[in-house]
Structure formats: structure tokens, C-alpha cells
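Here's a quick walk through a two-chain model, from the overall make-up down to a few local details. Have the structure open as you read.

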Amino acid sequence: MAAAPLVVLGLALLLVEGASAEVGSVSTSIEEVGSKVLLTCALNHNDTQVTGHRWMKGDKVLKEDALTDLKTEYEVDAADRAGKYSCLFLPETVGRGDLAVSGPPKVKALKRSVKGDEGDPVTLACKSDSFPPVTSWAWYKMADSGHQEIVNGSQNRFFVNNSEARSELRIKKLNIKFDPGKYVCNGTSSLGSDKAVITLRVHSRLAAFWPFLGIVMEVLVLVAIIFFYEKCRQPEVVVDDDDTGTEPPKSSGHQLNNEDKSVRQRNPT
Amino acid sequence: MARRAGPPDGGWGWMVVLSAFFQSALVFGVLRSFGVFFVEFVAAFEEPAARVSWIASIGIAVQQFGSPVGSALSTKFGPRPVVMSGGLLAALGMLLASFATSLTHLYLSIGLLSGSGWALTFTPTLACLSRYFSRRRSLATGLALTGVGLSSFAFAPLFQWLLSCYAWRGALLLVSALSLHLVVCGALLRPLSLAEDPAVGGPGAQLMSLLHEGPFLRYTVALTLINTGFFIPYVHLVAHLQDLGWDPLPAAFLLSVAAIADLVGRVASGWLGDAIPGPVTRLLMLWSALTGVSLALFPVAHTSTALVVLAVAYGFSSGALTPVAFSVLPELVGTARIYCGLGLVQMVESIGGLLGAPLSGYLRDMTGNYTASFVAAGAFLLAGSGVLLTLPHFFCFSAAASRPQAPGTEALETRVPPAKAEGPGED
């Protein structure tokens, strides 16, 4: 049984043409069809009823269906093929096949455009779920004068944290002059390397200050308008003070008179 | 004298409605949409989501428990200075939060400071609204409370956009400026003095008199029970739907449908509360009973149509009970004691709100699904409606068809609009 994955790897070193393996009661095969790669799983026994299939790459579910066939297929783009796939026959105890499709690594940035505040920390991250896995990561900053390499601890502000499928570059205190720009993460495995570009923008502390000031001004103006409007109506009240309220001289009505009077009485200033 | 005999029911009152609308939007809309900030805080401070969500919990708790303070101060100084100071505090809290370097700073600035600001704004504004209206009180309250629902729609995308333009510090600064509009809302709360005001005395005396009043206490108990069951679906509906196998997108859509029903329910109930003669208590009982029933039926519904119908029913009836709940209070305690009354009610019913969600979560953990939680929520609501049956004038179907008057207002003069009878025996 241990020989089977080795056979797969051996054939995969050249472009994979039709390697197949048997794992338990599920037989798997990988076939290159033009620019796509076809993965097939077939169940060798059928004592339990199949209720569906699920295809996964690593931890991510690619496809799930409710068909009851003993055979299931999945097609992958040749460019993105490398990785560890598994096919599951549902319910999960029926059978499972694992397929490892080798190829050069594919590196993806978790967020291609990252924004941070001046003085605050920020994290840039890249991941790769290819097979064989990425063994070394390198980070550098793109500049006109040539790429500037970043290692763990550079300038005491840059810290790199690597794991097999993921690499993180954490910048401790963002500097608005030096730090904005394009950063590249480069992942290398035994079959090649790939990179992704992340654009970092740094916000100035004061960027939101002017809109803030504008809105505060607007609030003060509104409050001033409301108070002036009220004060402006008071001279009318002084004139009508002796009015007993039975024959209001103004068409605005009884209610308005009463309100103004009560305002005048209750005004704490 | 120059004191009004009764609420003006219009005129400047509509400006107060406007103020209450924006104010409930700025308090509850901000609170409800704060979730988008939490993701940023988790990343910026490297703290787990549970600790970050304490910010909102502290804010809500301070707002609710601080309500009596807001009420007492409003009785003494009038709502205008209190709400304006509350607005300043709320904005100040957000401003300081934009300079925070640790999660504790956020607990203190947003939770404590802004929470206190909110405590000084919400209750006084609603109480002031109740004093400005009597005939159209429910409609005015319903219209004002739509601010909560509409702002939840608007603020979440707005905050998301602010975060993408300015990162969280700048965004908090601008939310602070937004909250400063609470001061404008406060400025709109023109003081109103009503005939029965001198009779009830200062805040201390009012509080004591309220605590001795049976109907008021029973009403508070009823609202606390209702509040316990009220918030459960907001917290657990999506999880329950996912348990049933729904995808996140249709589940979110169902929540939106319930939210729209809630909005419609608020306005419709407000209008209905004023149009139908007799105590508004009956309507409150109707809506809470309906909410309770629709909640209890949730576990039984499995088909999509049934769930949608129940969601609409729940949304509509829970929205409908909010304005009516606020309208019952002036009938019980009179417009003079409304500030203190509302503050006390808010404080006590918040206990229900705080207990509701964890209780539901606990039931879920014990039984494995949400059936028990929904049934418990429905039971609380029905129990609350039951207590409402004991309120005075509930079964009074006399031809007088009059709004019952609280004891403190018997000295009212007859100079009231003849369309709706205000005093007992007046037809």
C-alpha cells in the first residue's frame, strides 16, 4: 500500500498522464485532458446506499451533490491543479479517496489591497494549498531601484511568520513615508515557485480630521439656528402678554401663543 | 398661568417627533451596526471576538441602567439640557475611542462614556414626546421609533464604507461627529409645561409615588416579561435557520423581511392605537400575545412558506407592540410623571433583556436545538400579556369610550379638544 503514493509521485514528475491508485475500497485516477485535469473516484463495493458525493481540497469543500452513483468526477484547471484533494461518498462512512495532484505551487494573497493607519500594526498574508507544499517563503518590497528583501526582524518592525501553507508579514508601526507600496510574497516548493503582490496603503492620522471638523461646524450651526429661531419668536410673546388668550390676533393660533409663553416661563437661562 | 392644560398634539410636537426619530437612529442604529467595527478591533488589538463584544454589552447596560438618571435630571431641568449633554457625552466617548491603544480604553470610552450619553438621551426624548401628544401619541411614537429600523439598514453599509476609506480610527472620529447630532436633537426638545406638573413635585417625590402605585408596578412586571422573550429571535433566528439547513443568504433575506414587517408594524400600530377608542393596553396585549404565539410556532414550521409567514407575523407584531408599550405609560402615570416612570421601566425591563439571550443560549445547549428557546420566549411574552389583563380599565367597555386618566391629572380643566374625551365622565 505504501508503494502506491510513490508510484503516483514518480509518474507526476513528468506531466501526469494517467496514474491511478487504490486506497481501501475507493479507486482513484488522475487524468490530464487538454488544459484540464480530471479526477475520478470509484467505489468498489456497494453494500451501503450512496446518498451523495463531496469533493474537497484540503479543508475547503469544492463541490457537493446528492447523486447516488458509485463513481464521481471532478475537473480542475491545469493551472491550478496542484494540491491534496479528497472525494467522499456520503454518508461519510461509506468511502473516501485521497488524490494528490502535484504541480508547481500557486500562491494567493489573502487580501490584495491592505489599508492601515499610521503608527498602527498591519498584517499582510499569503497562502498556498498546493502539493507538494511550499517549503520556503520570501518577502520583498518592490521599488524602482530594485527589490528590497524583508526578513524576520528587519528594521525591528517587520516580522515574518511562516507555516506550511501560509506566510504572514506583520509590520509593527506603520510609517507613512516609507511603508506604502507593493509587497511581494514568493513561495517555493520542489516543483517551482509562484508569487503574489499585495498593495499597502497607509492612512494618515489626520485624514478624517477635516471631515470631522466640518461636521462639528455643521452641528453648531444647526443648534444656533434652532435657538435663534426660538428667541426670534419671543418679542411677539412680550407684546401678547396681556392677552387672555380668547381672541388671538395672529392666525398662527392659540397653541402657538401658549407654547411661547411656556417657553418664556420655563427657560432656565 | 400659561401652563398648557393638555398636550398640544401637533405644532412643535412634530419637530419633537423628528428629533426622536433621529435620536433613536443615532443611539440604537449605531449600537446595532457596531458589529462591523468589531472585526477591525479583533484584528487591531488581537483579542478574541467574545472580549470585543463586551464593548456593546457594556454600552447597552449603561444606557438601560442609566435611564432613571436621565429621567430624574429631565424632571428637574427639562429634557433639553439633559439630552444635549447626553449627545456631547456620546460623541466624546467615540472621540476618545479613536485614540484607544487597548481594549480597556474602548470599554471605558464607548461602553461607559457613550453609554452614559445614550442613557441621557433616549428616555427623556420619548417621555418628552409623550407629553407633546395625547390624541396622536401612538402614531407619533411609532413614527419616531421607525428611526431604529431604518438606521440599521443605513448605518451598516455606511460604517463599512467609512472603515474602507479611513481605517477604524478615522471612522470612529466620524461616527463621533455623527453622534454629535444628538445635541441638535436635544436642542429641538422645546420645554413644555403642563397643568399637572406642579402637583407631582420633584424627581424624588415622583419616584416614591410611582413605586407605590400598583398598576405601574404590574405594567413594569409585564414589560419585563415581554422584554425577556422579545430579543431572543434577533439573536437566534439565523442560527435556527442554519440548523434547519438554510443557506446564509436566504436566512439573511428572511431577517430583512422580518425587519421590514417590523417597520410597517410600528407605523400601523401607532396609527391604530390612536384610531381605536379605549385603553391602549388592550392593543399591547393583542400584539404581545401575537408575538408570543408566532414565536412558539417557529419550531413547528418546517416549510419555507410557513417560516416566511411566521417571520412576517413575528416582525409585524413585535414592531407593533413597541409604540403601544410606550403609549400605555402616560395613561397609567400621567404626563407629569412620565420622565421618571419611563426611566424606571427601562431600567427594570433591561433585566429581562439581559437575561433573555443567555437563557435561550443555555436552553439550546441543553436540548440541542432551538425549540425550547422559542417556546420559552413565546411563554414569556404570553405571561407578560397575561399580567397586562390586570391593569385598570382593561375590561371597561363602557359607552364613555374614554382614555382612562391617571389620578394625578384630575385637576384638568375642561379646555381640551372635544374630539377625544380626556377626563372621566366627560363624553
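## Chain B: the overall picture

In chain B, 84% of the contacts with a separation of 6 or more are between residues 24 or more positions apart. Keep in mind that this is a predicted model. As for secondary structure, chain B has 19 helices and 0 strands. Of its 427 residues, 57% are buried.

## Chain A: the overall picture

Chain A comes out with 3 helices and 17 strands. Buried residues account for 38% of the 269 residues here. Looking at contacts between chain A residues at least 6 apart in sequence, 55% link residues at least 24 apart.

## A helix pair in chain B

How do α5(B) and α6(B) sit relative to each other? Helix α5 of chain B covers residues 67–77 and helix α6 of chain B covers residues 79–97; they pack at an angle of about 135°, with axes 7 Å apart. An angle between 115 and 145 degrees is neither roughly perpendicular nor roughly antiparallel, so α5(B) and α6(B) count as oblique to each other.

On the α5(B) side, the residues making the contact are B:Gly70, B:Leu73, B:Ser74 and B:Phe77, and they meet B:Pro79, B:Pro81 and B:Val82 of α6(B). Sort the residues in this contact by class and you get 5 nonpolar, 2 polar and no charged ones.

Next stop is B:Arg32, which belongs to helix α1 (residues 13–33) of chain B. Its relative accessible area is 44%, so B:Arg32 counts as partly exposed.

Which residues does B:Arg32 touch, leaving aside those up to four places away in sequence? The answer is B:Val148 and B:Ser152. B:Ser152 is 120 residues away from B:Arg32 along the chain, yet their C-alpha atoms are separated by 6.4 Å.

## Backbone details in chain A

Chain A has a couple of cis peptide bonds to look at. One runs from A:Leu90 to A:Pro91, with omega near -5°, and A:Pro91 sits in the loop between β7 (83–90) and β8 (95–101) of chain A. Another goes from A:Phe131 to A:Pro132, again cis with omega near -5°. A:Pro132 is in the loop between β11 and β12 (136–141) of chain A.

Then there are some positive phi values. A:Gln155 has phi near 55°, positive although the residue is not glycine, and A:Asn156 also has a positive phi near 55° without being glycine. A:Gln155 lies in the loop between β13 (148–150) and β14 (158–162) of chain A, and A:Asn156 lies in the loop between β13 and β14 too.

How values were computed. Residues are numbered from 1 along each chain as its sequence is written. Chains are lettered from A and ligands numbered from 1 in the order in which they are written. This is a predicted model: local features need pLDDT of at least 70, side-chain atom pairs count only at pLDDT 80 or more; totals for chains, interfaces and linings use all residues. Side-chain values use heavy atoms; hydrogens and water are left out. Axes are lines fitted to C-alpha atoms, for helices over the stretch in contact, and angles run from 0 to 180 degrees between N-to-C directions. Helices (H or I, at least four residues) and strands (E, at least two) are DSSP runs, numbered from the N terminus. Angles under 35 degrees count as roughly parallel, over 145 as roughly antiparallel, 65 to 115 as roughly perpendicular and the rest as oblique. Contact means heavy atoms within 4.5 Å. Ala, Val, Leu, Ile, Met, Phe, Trp, Tyr, Cys and Pro count as nonpolar, Asp, Glu, Lys and Arg as charged, and the others, Gly among them, as polar. Buried means under 20% relative accessible area, exposed over 50%, partly exposed in between (1.4 Å probe, protein chains only).
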